[in-house]
Structure formats: structure tokens, C-alpha cells
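Thank you all for making time this morning. I would like to walk you through one model, chain by chain, and I will give the cut-offs for each term as it comes up.

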Amino acid sequence: MAMESPNDRGGNARPLLSVVDDDESVRESLPDLLKEFGFAARAFSSAQEFLSSGCLTETSCLILDISMPGMSGPELYQELRRRGQDIPIIFITGQRDETIRTRVLKQGTAGFLLKPFSDAALLTAINMALQAT
Amino acid sequence: MNDLLSLIALPAFWSGNEPSQIILIVLDALLGMLNLDFVYARLESPGEAASVELLRMSESWRLKLPAPEICSVLRIWFQDEAEKPFSPVRKRLWDEDISVIPVPLGINGGMGTIVAASERASFPEQTESLLLSVAANQATVGLHEARLLTAQKQLAMDLDRRVAERTVEVATTNQELRREIVERALVEARLRHEEQEVKQKEEALAKARSELAKMVQITSLGVLTASIAHEINQPLSGIVTNASTCLRMLSADPPNIDGARETVRRTIRDGNRAADVITRLRALYSKKEPSPEFMDLNEAAREVTALSMSELQRSTVVLREELEDDLPSVFGDRVQLQQVIFNLLRNAADAMRTVEDRPRELTLRTRRDGENRVQLSVKDAGVGITPQAAEKIFDAFYTTKSDGMGIGLSVSRSIIEAHQGRLWATANDGPGCTFWFAIPCNPQALADGEPGLKQADSSADAA
């Protein structure tokens, strides 16, 4: 399935998607799927790791787990807003707590997916996020 | 002669035994018999203050003087006269001269006196005196008999009265006794009923305890479900992602066989991970009734920590296990004891939730305690507890957590006590506190296969 990849901010042909999740299996499997989508992908095990990676400015879209030890997903989102980094974010989570979803969506994120999610749902969310910029 | 016979027959007339009546009959007889102008009698009754005066008068004398006056005059005469019985005296009364003779009744006139009076100067003649004395004798006898009969009657009445009283007393006592018997029977019945109630309550209590433990199972399950669901969702999510990737890789031109192979490998691994969690879950929650058995506390503890591991890691809790080798087996209910361990681990993790300046260290330790006991402790580096709270936290529904159930520690204590053990908490030397429980390896008095009710465990354990 070929797909049109819109130009990202950095002008690269293939947008960079960063995955931040403390779950190893997610870090293993998700980047491969994203590459099959035609994106460039990198994975980080914590929010801290991502912030100190230097990939901030290059990231076109952030795929972010909600509950992580240390800085949580929403906390990272706040931190990025504080730094003026307006990266579109897709939250992924295994928790089916409606209140979190409402709160997070209120803050204006691009997407919210419940694990396990289908590849189609993920792609749709990514496209919406990239088109928003 | 006739008169004499009449006098002797007099007793037939006095039927009522009333002294006055007897004397009046005698007086009437004398009045007629001797043609007296009046005849007077004074009766002394023992014990009674007033004496009785009786008077009978002839027709003519009835018109002359009223009876009371005659009585008072006679009284005066014979008061002073010191009673010369049977000595007639000639006196003047009203405007007549009369002969009066006092006749004593009873010994020395103790019962009274009859005074016969006549205007005739020759009164009394010899026969008349004789008749008077016979009459007096009859009167005396009659009075005696009357008194005797009265006394007898009185006695009989007294006796009757006393018998009646006694009968009433006995009847009352009987009634009281009967009432007491009834009351006793009621009390006994009530006691038996209460015994039954107590027994029922004890059974209900035992049942409630086991239901509570079951409820802890269920509610803990609710809390556990969140982390279990998480545990299962992780591998499931990986499976879906890897499979999606696999499809795309195989559909690529040319197909990415090596990549696909890798995704399949990961899928199998994640599938096994999920199955593992299910197996552990099933093992933990399959039992319905508490069923004690000889079990290894270390093994049970390891299962609980394995299940809690992801949640602990998510809270950045560092778990240290110090399980003593060759820990003796304990006789207990595996599921219930695991419930307790799970509660303690969860509480310890919660206590360290706000800790930032030091590692969130949680130490689970088991060791042998004396000959017949095994001890497990969970030590945290959290906010700790005050000595006052150290006991209160075991109260049902006491909680410092805003979302806590508070029921965990109270039920945990019940479970440990049902194992004839003890559950308590101490403050650490450093930050945080330690929760301990100690249970016997071989509890005594096991009834129906269930661990007996609690026994006070007197030994204190130092950290």
C-alpha cells in the first residue's frame, strides 16, 4: 500500500515518527510497522530519554504512551508545550479509563488510541496528525 | 317443789349462750316465782372493763322509779356493804321499805351478784332463800358454760382462722413456688434459646469471615484486574502490531522474508507471555472454599511478586526478595495468604508513591521463627506511620488513602489470625515501616480441616 508522505517541517522526504513507551514489545514492534508505512521511526524508553535525545526538532509526530514511570505521557506533552515545541502527539494506552481520554483530548492532542490498535487506525491517526501541521 | 324443778330445768331455756340472756331468764323466773318487786343482776366479765347490769321489775315498781336509778342505788348500797352474801337487809327506797338480799354468782361473787328485793318484811323466807341460791347456782353454772362455750367457740374460730391463714400462706407459697418453677422453666428455655442464638451467631460469624476473605479476593481481583489487564494487553498489542507488520512485509515487492520471520518470532513470544499470565491467574483464583494444605510460603510469595512486578516497576519500586532457604512448610490456605502478601506489597508501594529523594525500596523477607513458626515481612521506604496509627490501621475501613478501601489490612489480619498467627506493623529505623506476619507451621486444634480460631501470639519480634 503506497502512500503519499507529506513534507514535514524539516523538509525530509520521510517524516520522522518518535515512539516513547516503557514497554519493550512496543519499542520492538511499532517502529517496524511505521517503516512499513513509509515513515522513519525511532523508539525511546522514557520521556527523559526522548527530551535528551536531540530528536525533538526533527520529530514530525510523537507516538506517546500515557502511563510511564518518571515523567508520564501527559507530563511530557506539557513540557513540550512549555518549550514551545508544537509536535503533534498521538497517545497510546492500555488503560480504558474514560476520564484520562477526555482530559487528554481536551488539551488538544491529535489522537488517542487504545491498545491493541489496528494498523489502519494508527495510520489514520498519523495522517490526521501530520496534516494538522 | 315445782319451783325447784323449774329452776333446775332452766338451762333448757338458754340456747344462745349469751350471758345476759341467761341471767335475764333467771331473773324473770325469780321475779315470778318469788313475787319480787325487782330483781337485779350485775355481771362481771373478766377482761372487760364495764360490768353488765340487768334489772327486772314488777308492774307496780315499774311506775315508781326508772330502772337506771334503781341500778345506781343498788350499786351504791352493795358497794359499801362489802358483800355480806345471803344477808338480807332492810332498806328504804323511794317511799317504801324493801328487803334486799344479795346473792353472789361464782366463787366470792367473782362472776357477779343477783340482788332480789321485796317489800315484804318477811322476805326472804327459808324456801325463798333456797330457791335464790339454787337460781344463783344455775346462773353461775350457766355463765360458766356460756363462758366455756364462748371460749371454745373462740378457740375454734381462732383455730379456723389460723388454719385459714396457714392455708392461705401455703396456697400463696405454692403459688409463688409454681410461679418460680414457671419462671425457671422460662429462663431455662430462654437460656437454651440464647445458646442456640450464640451458636448461630458464631456460625454466621465464621461464614461472614470466609465471605469477607472471598470478597477480599474479589475486590483485590478488581484492583488486580487493572494490572492483569495491562499485563495481557501488552503482549496482545505486540501481537497485533507485529502481525500487521508481517502482512505488509510479505506484501512488499520484493517480500521482506527476514523481517516477516522476525515479527512472527516476536508474535510467538508475546503469545506465550500472555498465556503465562493467564496460567498464573487461574492458579491463583481457581479455589472457591478456603482449603488449607502444607505449602511453601516462599513459592507463594514469588508468585505474588511475579504478578505484581509490572505494576511495581511502573511505580519505580525496587523490589528485593530475601527469602530464607529451606523455609519449613506451613499449613495454611495458599490463596488467602497470597491475598495478604499482595495487600502488603500494594500498601508498601502506595506508601512510597510520593517519595522522590530516595530509592523506593521494597524488601520482602521470609525466615524461620523459632521451632514452629515462619515469618514474612514487607519493608518499605515510604512515609511511615505514627505509633498511634500502628494499631489503628488494622481497623476495618480505616484508611489514609483518598481512594483506598481500608479493608485490606483488617481482613488480612483476620486471615492471619485464622491461621493462628499474628499480623503487626513496626516503624523502621530509617524512613518507612515494616509489616510482619508470623504463622505456625503446625497449628493445633484444627477443626474440620479449617485452621482454628486465633490464639494470642505473645512473642514480639524485633526487626
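Predicted model: local features only at pLDDT ≥ 70, side-chain atom pairs only at ≥ 80, totals over all residues.

How many helices and strands does the secondary structure of chain A come to? The answer is 5 helices and 5 strands, where helices (H or I, at least four residues) and strands (E, at least two) are DSSP runs, numbered from the N terminus.

Residues are numbered from 1 along each chain as its sequence is written, while chains are lettered from A and ligands numbered from 1 in the order in which they are written.

Along its sequence, chain A follows the pattern β-α-β-α-β-α-β-α-β-α. Of its 133 residues, 39% are buried, and by buried I mean that 20 or more other C-beta atoms lie within 10 Å of the residue's own, whereas exposed means 12 or fewer and partly exposed lies in between, with C-beta atoms placed from the backbone.

Let me take helix H5 of chain A, residues 119-132, as an example. Its 14 residues should span 20 Å at 1.5 Å a residue, and its end C-alpha atoms are 20 Å apart, which agrees; the expected span is 1.5 Å times one less than the number of residues. Buried in H5(A) are A:Leu122, A:Ala125, A:Ile126 and A:Ala129. Seen down the axis, the buried residues of H5(A) fall within an arc of 100°, so they line one face of the helix, the arc being that of the directions from the helix axis to the C-beta atoms. An α-helix has 3.6 residues a turn, so residues three or four places apart point the same way. On the other side of H5(A), A:Ala120 and A:Gln131 are exposed.

Now to chain B, which has 10 helices and 12 strands, and in which buried residues make up 32% of the 463 residues. One open sheet of 5 strands there has the order E7-E9-E10-E12-E11, with mixed pairing, where two strands pair if DSSP finds at least two bridges between them. Strands E7 (317-323) and E11 (422-427) of chain B stand at the edges with a single partner strand each, so one side of each is left without a neighbour in the sheet.

Which residues point each way from E10(B)? B:Arg373, B:Gln375, B:Ser377 and B:Lys379 point one way, B:Val374, B:Leu376 and B:Val378 the other, and all are buried. E10(B) pairs in the antiparallel sense over 7 bridges with E9(B), and its pairing with E12(B) is likewise antiparallel over 7 bridges. In the E9(B)–E10(B) hairpin, which has 3 residues between the strands, B:Gly370 takes a positive phi near 70°. B:Arg373 is the bridge partner of B:Asp369, and B:Arg373 also stands opposite B:Pro440 in E12(B).

Finally, the interface. The contact takes 17 residues from chain A and 22 residues from chain B, two residues being in contact if their C-beta atoms, placed from the backbone, lie within 7 Å. On the side of chain A that touches chain B, helix H1 (residues 24-37) of chain A gives the most, with 8 residues.
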